[in-house]
Each structure stands twice: as C-alpha cells, then as structure tokens.
Amino acid sequence: MIQTASHVPIWLKVAYTAFMVLLVPIYWYYYGPTNFLYFCDVALILTLIAIWPENALLISMPCVGILVMQTYWVIDLLFNAAGYSLTGITDYMFDSNRSLFLRLLSLYHVWLPFLLVYLVWKTGYDRRALLLWTGLAWALLLFCFFATPPPAPNPGLTPVNIDYVWGMSDSAAQHWVPSPVWLAGLMIGLPLFAFVPAHFVLMRVMPKTHGCLCPEAP
C-alpha cells in the first residue's frame with residue numbers, strides 16, 4: 001500500500017482553516033463576493049484548498065504569484081505607519097472610518113507570504129506554477145476590467161478597481177495612458193517584474209516537489 005508522509009504540521013492546517021472559516025463569511029458579508037477576485041484573496045483560497053492534501057502545485061501558484069506584491073504591500077504599510085504614503089494601497093489600514101476588526105483581519109497580508117514560503121519549502125516548488133498563475137492572473141485582470149466597478153469617490157466597502165486594473169487609486173482612474181494600455185501594461189508587467197523573478201528565486205532556493213514516500217517492500 002502506498003503511503004505519503006505529511007510535511008505540514010496538523011496544527012498549522014487546523015489554524016489556517018480556522019482563520020479562513022472566520023474570514024470568508026465576514027468578508028462576504030461586508031465586502032461581497034467580488035472581493036475574492038483580488039490576487040491576495042485568490043491566494044488565500046488556493047492555499048486553503050492545497051494545505052490539507054499538501055498539493056505542491058496549488059501551493060506554488062500563489063507563492064510565485066503574490067510573493068513580490070505582498071512584500072511591497074508590507075513595505076507600503078511600514079512607510080504608511082511612519083507617516084508616508086507610497087502608492088496608497090495600504091491607506092485603508094489607517095482609515096479610522098473603517099472597522100478596526102476588518103483592518104486587523106487584513107493583516108494576513110503580512111504573514112501570508114511567509115506561510116507560503118514555508119509551505120513551498122515543506123512540499124517543494126512546482127515549476128508549472130508560473131504559467132498557471134500567469135494564466136489565472138490574466139483571466140482575473142480581464143474580468144475585473146470588464147465586469148467589476150471602476151474607481152469611484154467614496155465607494156465605501158464596495159470593492160472597486162479590483163487588482164488595480166484602472167490605476168493605483170480606488171477613487172479615480174489613472175490618466176497617464178489610455179485604460180486599455182494600462183491593462184496591457186499590467187498583463188505584461190506583472191509576469192515580467194513580479195512572477196518571473198519570484199519563479200527563478202523559488203527554483204533556485206526551494207526543493208523540488210516531493211514525490212510519494214513509499215515504504216520498501218519486505
């Protein structure tokens with residue numbers, strides 16, 4: 001009989017699942033289902049699906065996809081805490097008009113990249129993740145551009161400008177280039193400057209995917 005050894009501690013699987021059981025209904029209630037189109041929220045869901053069977057591909061995909069962007073999110077948060085807003089992507093974390101509880105839930109952006117790196121280290125990096133995540137990211141970008149609300153003044157908790165398909169501000173679209181050019185820039189720039197660099201680092205420093213650990217025949 002073939003047996004597969006577990007590489008991820010059971011307590012971590014339970015803790016992550018409990019966090020998601022808390023987060024998903026709260027986000028759905030306050031933000032609505034479109035909130036789960038953000039790359040970071042897609043990463044949360046893929047990780048939930050992957051963590052119990054320790055599916056290396058589904059763990060590798062969000063890792064290669066959000067590692068660079070979430071690192072930048074943390075940097076932006078630290079600058080914001082010091083009184084300097086870099087791009088505005090973490091301004092909402094310091095908005096006293098927003099629920100403190102919801103803002104505290106958003107701190108998953110800080111620990112999620114570290115969790116994904118740990119999970120990839122335990123299960124191995126699947127090199128197919130780059131192409132699959134890139135395809136998923138393109139689909140999300142196109143859908144968000146054509147089917148979700150653009151930036152709007154005072155949108156409240158309604159997700160707008162999801163995945164920044166209209167620019168870096170949720171209150172107004174960017175005016176540097178035509179909107180389709182901005183979208184095309186995201187579809188080219190994200191793989192080139194975020195996904196591919198993470199892919200090569202993960203290939204270099206992480207183990208290959210683990211195969212089944214089968215006991216020797218007597």
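F145 is buried, at 10% relative accessible area (buried means under 20%, exposed over 50% and partly exposed in between, with a 1.4 Å probe and protein chains only). The model is predicted, so local features need pLDDT of at least 70 and side-chain atom pairs count only at pLDDT 80 or more, while totals for chains, interfaces and linings use all residues. Residues are numbered from 1 along each chain as its sequence is written, and side-chain values use heavy atoms, without hydrogens and water.

The whole structure contains 11 aromatic pairs. Rings of Phe, Tyr and Trp (its six-membered ring) pair if their centres lie within 6.5 Å; planes under 30 degrees apart are stacked, over 60 edge-to-face, and the rest tilted. The pair of F145 and F146 is edge-to-face because the planes stand at 85°, with the ring centres 5.0 Å apart. F146 is exposed, at 65% relative accessibility.

F145 also forms a stacked pair with W166, at 4.6 Å centre to centre and 20° between the planes. This pair joins distant parts of the chain, since F145 is in helix α6 (residues 129-147) and W166 is in the loop between α6 and α7, 21 residues apart. Helices are DSSP runs (H or I) of at least four residues, and strands (E) of at least two, numbered from the N terminus. W166 is buried, at 18% relative accessibility. Elsewhere, ring pairs link Y16, F19, Y108 and W111 into a cluster.
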